[in-house]
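User: I'd like to go through this model and ask what sits behind each label. Could you give me the cut-offs as we go?

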Amino acid sequence: MAEHFANQGKEYADSRPTYPPQLFQFIASKTPSHHLAWDVATGTGQAAKSLATLYENVIATDASEKQLEFAAKLPNIRYQHTPSTMSMTELEQLVSPQGTIDLVTIAQALHWLDLSTFYKQVNWVLKKPHGVIAIWCYTSPSINDAVDALHNKLYSFDARPHWDPRRELLEDNYRNIDFPFEPVEGVDHTGPFEFEAETVMDVDDFLNYIRSRSGYQISKNKGVELLKDDVVEKFKLAWGEDGKKIAKFKVYLRIGRVRDA
């Protein structure tokens with residue numbers, strides 16, 4: 001995963017959406033204790049900084065040092081560079097001891113991990129029986145009909161040959177991803193639960209969002225430029241005269257608690 005995001009830390013920090021507060025309020029309402037949260041594959045800390053308003057301490061880890069350079073620094077967040085694959089010993093040394101974490105989160109990144117190994121680690125670090133795991137993904141931003149049509153073509157046809165195959169798990173919004181956890185209190189299933197994020201973008205922000213994607217980086221490494229000058233001009237024309245627009249992202253959450261020991 002790390003190699004796909006090594007060269008676009010600034011673009012990622014500047015263009016990725018801030019998740020809605022309702023998402024974190026819902027998640028936090030399902031953990032009885034709010035002492036410690038672990039944000040996995042934190043990237044530039046989009047989720048970690050929101051968790052830090054609801055949890056006393058946040059450990060935010062990522063395999064990309066470049067991404068962590070651009071992460072939002074807050075006094076109760078500890079950013080930690082980790083190897084792409086951690087042993088249980090490394091997990092204890094770099095993250096936290098067994099049974100000490102209230103919440104594990106991972107945003108837009110579960111599909112990059114080896115699920116069996118990751119879930120074993122989640123079950124090991126979470127408190128029992130009330131420790132919670134929350135994973136979510138989000139859709140492409142929606143701007144207006146003209147921009148969305150161009151973006152859908154770029155996303156679904158031009159960029160698709162350059163996707164890492166693991167990214168296909170995003171296409172059904174994690175609906176069918178393996179998620180071996182129990183429903184949290186107050187609900188009878190593990191999701192997905194739908195939320196909506198909004199952010200304000202100008203056309204350059206939008207183009208930087210495209211550049212922050214793994215598929216763009218993979219294609220560029222192969223010598224293929226997806227945002228050629230003529231494509232950029234088409235986006236600018238579709239954007240129109242208004243500099244700033246509201247971009248809307250659908251967010252899909254899976255949430256569960258560890259099974260009783």
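Predicted model: local features only at pLDDT ≥ 70, side-chain atom pairs only at ≥ 80, totals over all residues.

User: What is the peptide bond that joins G191 and P192, cis or trans?

Analyst: That one is cis, with omega about 15 degrees. Another cis bond runs from K128 to P129, with omega near 10 degrees. P129 sits in the loop between α6 (115-125) and β5 (132-138).

User: What does L103 touch, leaving out residues up to four places away in sequence?

Analyst: Its partners include I27, W38, L51, Y55, L126 and V132, where contact means heavy atoms within 4.5 Å. L126 is 23 residues away along the chain, yet the C-alpha atoms of L103 and L126 are separated by 6.9 Å.

User: How do you know whether L91 is buried or exposed?

Analyst: L91 has 0% relative accessibility, so it counts as buried. Its place is in helix α5 (residues 88-94). Beyond four places in sequence, L91 is in contact with W38, M86, S96, Q121, W124 and V125.

User: What makes Q108 and N173 stand out in their phi values?

Analyst: Neither is a glycine, and both have positive phi: about 55 degrees for Q108 and near 60 degrees for N173. Q108 is in the loop between β4 and α6, while N173 is in the loop between α7 and β6.

User: Why would you call helix α9 mostly covered?

Analyst: Six of the eight residues in α9 (residues 214-221) are buried. They are S214, G215, Y216, Q217, I218 and S219, and what covers them includes α8. After α9 comes G223, with a positive phi near 85 degrees.

User: What makes α8 oblique to α10?

Analyst: Angles between axes run from 0 to 180 degrees between N-to-C directions, the axes being lines fitted to C-alpha atoms, for helices over the stretch in contact. Under 35 degrees counts as roughly parallel, over 145 as roughly antiparallel, 65 to 115 as roughly perpendicular, and the rest as oblique. The axes of α8 (residues 203-211) and α10 (residues 229-239) come within 10 Å and cross at roughly 135 degrees, which makes the pair oblique. Their crossing is right-handed; that means the near helix is turned clockwise from the far one by less than a right angle, with anticlockwise giving left-handed.

User: Which residues make that contact, and how do they divide?

Analyst: V203, F206, L207 and I210 of α8 meet V232, F235, K236 and W239 of α10. They split into seven nonpolar, no polar and one charged. Here Ala, Val, Leu, Ile, Met, Phe, Trp, Tyr, Cys and Pro count as nonpolar, Asp, Glu, Lys and Arg as charged, and the others, Gly among them, as polar.

User: Why does α7 get a label of its own against α10?

Analyst: The axes of α7 and α10 come within 8 Å and cross at roughly 155 degrees. So α7 is roughly antiparallel to α10. This crossing is left-handed.

User: What makes a set of residues a nonpolar core, and which have the most contacts inside the largest one?

Analyst: A core is a set of buried Ala, Val, Leu, Ile, Met, Phe, Trp, Tyr and Cys residues joined through side-chain atoms within 4.5 Å. The largest has 52 residues, and L23, W136, L227, F235 and L253 have the most contacts inside it. A second, separate core of 31 residues includes V40, A109, I177 and Y252.

Definitions and conventions. Residues numbered from 1 in each chain as written. Heavy atoms only, no water. Helix = DSSP H or I, 4+ residues; strand = E, 2+ residues; numbered from the N terminus. Buried < 20%, exposed > 50% of the residue type's maximum accessible area, 1.4 Å probe, protein only.
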